[in-house]
Amino acid sequence: MAGGGAAPQPKQDELQPHPVKDQLPQVSYCITSPPPWPEAILLGFQHYLVMLGTTVLIPSSLVPQMGGGNEEKAKVIQTLLFVAGINTLFQSFFGTRLPAVIGGSYTFVPTTISIILAGRYSDIVNPQEKFERIMRGTQGALIVASTLQIVFGFSGLWRNVVRFLSPLSAVPLVALSGFGLYELGFPVLAKCVEIGLPEIIILVVFSQYIPHMMKGEKPIFDRFAVIFSVAIVWIYAHLLTVGGAYKNSAPKTQITCRTDRAGIIGGAPWIRVPYPFQWGAPTFDAGETFAMMAVSFVALVESTGAFIAVSRYASATPIPPSVLSRGVGWQGVGILLSGIFGTGNGSSVSVENAGLLALTRVGSRRVVQISAGFMIFFSILGKFGAVFASIPAPIVAALYCLFFAYVGSAGLSFLQFCNLNSFRTKFILGFSVFMGFSIPQYFNEYTAFKGYGPVHTRARWFNDMINVPFASEPFVAGLLALFLDVTLHKKDNQTRKDRGMHWWDRFRSFKTDTRSEEFYSLPFNLNKFFPSV
């Protein structure tokens with residue numbers, strides 16, 4: 001007899017790996033099952049709060065460079081909110097029909113800055129006139145650039161590209177759609193640690209620990225963790241401001257930490273409806289249009305990754321290529337609306353809201369449609385919207401730390417379909433993820449140090465066409481993974497299995513899986529006129 005007693009042999013079924021799921025389990029409400037109305041309204045408000053971060057941060061950095069003051073900044077934020085609400089409704093009714101929020105996009109910012117720095121605006125002395133002229137230049141570039149996504153989406157071109165995507169090549173694309181935004185997480189939070197750190201700690205405690213300690217009937221703390229944590233830390237930040245904690249601080253600290261420094265509440269009108277061409281007729285410049293088109297293509301690739309993450313967290317089946325293509329077409333319409341209304345920025349899928357779906361475990365379409373209602377409502381009632389828009393940036397960055405991580409892990413979850421013991425899989429996965437971080441790091445570091453990108457010619461628009469795509473993590477990783485996956489492709493059955501294609505085959509066409517009809521078919525019997533293939 002062996003001393004100490006040998007451990008019992010595990011049963012055979014315990015040694016089996018976790019079963020593969022093409023729909024994510026444990027989601028409380030999937031796309032088609034809405035929560036009760038009071039809960040849905042609160043969840044919709046939470047989505048509105050989360051998308052506010054990007055909506056406020058982008059104009060706050062761009063408008064002062066354009067020559068605009070607080071009043072212009074407030075108007076641009078209102079316009080961005082208004083257009084985001086309309087685009088989100090379009091996307092959820094006629095696009096992919098996923099619970100995806102379509103908001104402002106950081107991808108478009110470098111090209112907008114290039115337009116701001118264009119020589120033809122440098123001799124304008126009046127800041128108001130300078131702001132309007134630059135805004136009209138941006139509008140022209142966006143209007144023309146929107147045609148790229150509209151054509152790619154509605155012609156079915158993108159559908160043919162996405163059909164080559166396997167679970168293996170989707171991993172780097174989706175994972176880096178989340179993880180690639182790491183610069184917007186802790187580095188922004190650390191600008192005011194005393195409010196950013198409490199926010200992230202309280203958010204994690206409310207969403208992860210309290211639900212395990214309190215076994216209640218209804219999941220309240222985890223589902224509304226954002227509202228609870230933001231309210232607590234915002235009040236605390238306000239008390240610090242009123243108490244004079246930042247009286248003698250540096251101006252930079254005052255701007256990030258204080259709750260009364262945004263200047264949005266004072267600049268916002270009580271009631272104002274944004275309208276098309278509010279800054280005047282758009283102006284067109286060929287070079288800037290080409291640059292904006294290149295950026296539009298980068299946003300298209302990034303949004304593809306975000307759409308796949310949203311479909312996962314909404315507990316839907318993998319999104320059929322034809323539906324994804326339709327969504328891209330409507331996203332192009334969104335960029336067109338951004339250009340017409342003059343938001344100074346393009347539109348793409350909000351990654352942080354995709355992460356919020358995971359935190360709340362509510363992937364209901366109705367919730368996101370309600371949040372679009374909040375966006376439109378608060379964009380018209382300027383003063384009320386401005387109150388929420390003045391949440392300090394470090395609080396928003398703390399939320400990002402959790403949400404971007406969730407989207408990244410949605411990408412990693414597709415590894416369950418792949419053979420991780422294959423050297424081909426290991427090479428494609430490791431190389432594309434590594435280069436996806438490494439190449440943009442070089443481009444971004446070079447730009448931060450020198451003030452211009454590695455490609456530096458006299459034609460600023462040409463520089464943007466090369467520098468901006470290679471500074472995007474999901475773009476580099478996704479394209480590299482797709483290229484390697486398709487070209488290192490023996491036609492044998494084992495390689496198909498290693499890539500996970502046998503799992504996704506039935507979702508490559510709209511009609512081969514009956515669940516696609518339930519999740520993605522158009523409303524009002526429109527499928528008769530616009531059939532998905």
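Reader: At what angle do the axes of helix α3 and helix α12 cross?

Author: Happy to start there, with the reminder that this is a predicted model. Two packed helices are described by the angle between their axes and the distance between the axes. For α3 (residues 109-116) and α12 (residues 286-313), the axes come within 9 Å, and the crossing angle is roughly 170°.

Reader: Are α3 and α12 roughly parallel or roughly antiparallel to each other?

Author: Angles over 145 degrees count as roughly antiparallel. The axes of α3 and α12 cross at roughly 170°. The two helices are therefore roughly antiparallel.

Reader: Which residues make the contact between α3 and α12?

Author: By class, the residues of this contact divide into four nonpolar, two polar and one charged. From α12 come Glu 288, Ala 291, Met 292 and Val 295, and from α3 come Thr 111, Thr 112 and Ile 115.

Reader: Turning to charges, how many residues apart in sequence are Asp 22 and Arg 515?

Author: These two side chains meet in a salt bridge, with N to O at 3.2 Å. Asp 22 sits in the segment before α1 (37-66), while Arg 515 belongs to helix α23 (residues 514-520). The pair therefore ties together parts of the chain whose separation in sequence is 493 residues.

Reader: Is Asp 22 buried or exposed?

Author: Buried means under 20% relative accessible area. Asp 22 has 11% relative accessibility, so Asp 22 counts as buried.

Reader: Where do Arg 223 and Glu 39 lie in the chain?

Author: Arg 223 and Glu 39 form a salt bridge, and their closest N and O atoms are 2.6 Å apart. Both residues are buried. They link distant parts of the chain, 184 residues apart: Arg 223 is in the loop between α8 (193-213) and α9 (225-242), and Glu 39 is in helix α1.

Reader: Which residues do salt bridges that share partners join into one network?

Author: Good one to finish on! The count of salt bridges comes to 13, and the one between Asp 22 and Arg 515 has already come up. Through shared partners, salt bridges make one network of Asp 22, Arg 506, Asp 513 and Arg 515.

Technical notes:
Residues are numbered from 1 along each chain as its sequence is written. This is a predicted model: local features need pLDDT of at least 70, side-chain atom pairs count only at pLDDT 80 or more; totals for chains, interfaces and linings use all residues. Side-chain values use heavy atoms; hydrogens and water are left out. Axes are lines fitted to C-alpha atoms, for helices over the stretch in contact, and angles run from 0 to 180 degrees between N-to-C directions. Helices (H or I, at least four residues) and strands (E, at least two) are DSSP runs, numbered from the N terminus. Angles under 35 degrees count as roughly parallel, over 145 as roughly antiparallel, 65 to 115 as roughly perpendicular and the rest as oblique. Contact means heavy atoms within 4.5 Å. Ala, Val, Leu, Ile, Met, Phe, Trp, Tyr, Cys and Pro count as nonpolar, Asp, Glu, Lys and Arg as charged, and the others, Gly among them, as polar. A salt bridge is a side-chain nitrogen of Lys or Arg within 4 Å of a carboxyl oxygen of Asp or Glu. Buried means under 20% relative accessible area, exposed over 50%, partly exposed in between (1.4 Å probe, protein chains only).
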